There are 2 protein chains.
Amino acid sequence: MAGFDGKVIALTGGVGGAKLARGLTEVLSPDQLLIVANTADDFEHLGLSISPDLDSVMYALADQNDTERGWGLAGESWQAMESLKALGGDDWFRLGDKDLATHLWRSQLLRDGHSLSDTTRLLCQALGLHHRLIPMSDDPVRTLVATERGELGFQHYFVREQCEPKVSGFRFAGIETASPAAELMDWLADDRLAAIVICPSNPFVSVDPILQLQGVRAAMQASPAPVVAVSPIVGGMAVKGPAAKMMEELSMPASADAVAQWYGDLLNGYVMDIVDRNLASSLSVPNKVIPTLMSSLASKRKLALDVLDFSRHLN
Amino acid sequence: MAGFDGKVIALTGGVGGAKLARGLTEVLSPDQLLIVANTADDFEHLGLSISPDLDSVMYALADQNDTERGWGLAGESWQAMESLKALGGDDWFRLGDKDLATHLWRSQLLRDGHSLSDTTRLLCQALGLHHRLIPMSDDPVRTLVATERGELGFQHYFVREQCEPKVSGFRFAGIETASPAAELMDWLADDRLAAIVICPSNPFVSVDPILQLQGVRAAMQASPAPVVAVSPIVGGMAVKGPAAKMMEELSMPASADAVAQWYGDLLNGYVMDIVDRNLASSLSVPNKVIPTLMSSLASKRKLALDVLDFSRHLN
């Protein structure tokens, strides 16, 4: 963008956050942007190492994501899944034929001794991406969801049970010992850092794992760069995923301002959708009310520009 | 078949042998037939446990094999392979999207602690098969091919190098300690056993691993049931695969009678194709010269009937 020459870190989950990440790649050069994805919903399934958020962002950055279905790859087919079902195999986690290649190859690279960052870099290169996408950590962190039906692995809760069981809390197994990505810590300490953007992702299961990594929250607060979040809740509903349902079950109002309150003093600025303009007065954090729905590349680009412009005025 | 009420064991490799195995299932009841497949060309690839011969037979018995391509599943698609190639992944071993499901599910069952026999039984059940197909052993045996380019794993020789390097011999790693399938040994000792059929498969890399399992050859020789092989060489050429090329490289004539000589005193009868009728007089083993090419289900059934009829007269 004209005049924006600092560095930007974007923290993101999967599909929702990926849209803003894609917008940021339109307006920032590769050396200006570091996209950090949640890996706490990674899991091992059918012997494959699956990183749903990394993949959602990677596919979105490569413009290979399926925008109608809302997840996975465009032009996907499902022959393997249909055959797996016919064989009596586990078919609750839908793996497209093309998507399978990503998991097969990531798994092979990890078995060969590559780190998850390294593997992500190789996959992103193969997809022709120039901007940097990294996992929040190379160490395994796994979200466990406390529900009325007991503790469930995140994908079991999210996909197999379709977010149906009532949620009472989350636990990120491995978070105490996982090292945050070295590059993330380097960027957080870089005096050229101009903004830290929290993408419109689920605050509890997409963003919180990143924030809870040793030293990340403290480094964000220590950085002079403003932390700006974009609300994943628009008009009391999650644009995508179970965020609103979770908020209700956690006895929080399912509203854009409640997300800002949940992030608390970490935020220096907050972006809400215009449908929530009546909530602006209730927020103590500086906020900006603009259209946040990103249905086209132009709208992704526009939101990215608006967020960066807003963050510049918070300095 | 009318009047054939004994039991039959069929020893087979992949595609070629599978045709006769399919014919045998047409003329024998499930409790009369035990099909034993070579597993020495099994391998681990991209984290998947792949059993090419078991799969070729399984797909053929289920009438799901691709008869035009000559291997794999009918109606197959290649989206995963194309994506894998685009990612820079190993694509030398062509895994169809539907076929991938077999490997994913077999691998999962093995990881869950099922034996290969158990896994094969579950897969065959899922495909609706009634006849019994078992792996020659639950223990890993791996064919290593001695070539002018050094020793190669079988699939690396067969698929990656397309049988190009000149062969000087074979080694079956693990053969000394692998236990032959208990069911095979039971059937070999069963006094209702009426014939042991060696299907038209590669004698060196498909049949020999089965014969070299501890006790198998001795039990075949001890059984009063005749051992009948069907030549995989027709008119000096292998119907499928590298058998003829291997024979030349091993300084054997690439001919049907040379295969019989190679099996030696194990055989009580030998079936050759009519194009090789001039070789009949050179054989000391009782032989039958009939059409052996199996392009239709009717011709598979006919050859099965002819082989069983021939074996009956060898008693």
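This report describes the sheet, a hairpin, a loop residue and the chain interface of a predicted model.

## Basis of the model

Residues are numbered from 1 along each chain as its sequence is written, while chains are lettered from A and ligands numbered from 1 in the order in which they are written. The model is predicted: local features need pLDDT of at least 70 and side-chain atom pairs count only at pLDDT 80 or more, whereas totals for chains, interfaces and linings use all residues.

Helices (H or I, at least four residues) and strands (E, at least two residues) are DSSP runs, numbered from the N terminus.

## The sheet of chain A

Chain A contains an open sheet of seven strands with parallel pairing, in the order β5-β2-β1-β9-β10-β13-β14. Strands β5 (132-135) and β14 (287-290) of chain A stand at the edges; each has a single partner strand, so one side of each lacks a neighbour in the sheet. Direction ignored, neighbouring strands of this sheet are turned by 20 degrees against each other on average. Two strands count as paired if DSSP finds at least two bridges between them.

Within this sheet, β1 (residues 7-12) and β2 (residues 33-37) of chain A pair in the parallel sense over five bridges. A:T12 has A:A37 of β2(A) as its bridge partner. Helix α2 (residues 52-61) of chain A lies across β1, β2 and β5 of chain A and runs at about 170 degrees to β5(A). Axes are lines fitted to C-alpha atoms, for helices over the stretch in contact, and angles run from 0 to 180 degrees between N-to-C directions.

## Hairpin and loop in chain B

In chain B, strands β6 (residues 142-147) and β7 (residues 150-153) run antiparallel and are joined by four bridges. The two strands form a hairpin with two residues between them. B:V145 is bridged to B:L152 in β7(B).

B:D191 lies in the loop between α7 (182-188) and β9 (193-198) of chain B. B:D191 is exposed because 10 other C-beta atoms lie within 10 Å (buried: 20 or more; exposed: 12 or fewer; partly exposed: in between; C-beta atoms placed from the backbone). B:D191 and B:S223 are 32 residues apart in sequence, and their C-alpha atoms are 8.1 Å apart in space.

## Interface between the chains

In total, 23 residues of chain A are in contact with 23 residues of chain B (C-beta atoms, placed from the backbone, within 7 Å). On the side of chain A that touches chain B, the elements giving two or more residues are α3 (79-86), α4 (97-111) and α5 (116-126) of chain A. Of these, α4(A) gives the most, with ten residues.

Terms used:
Two residues are in contact if their C-beta atoms, placed from the backbone, lie within 7 Å.
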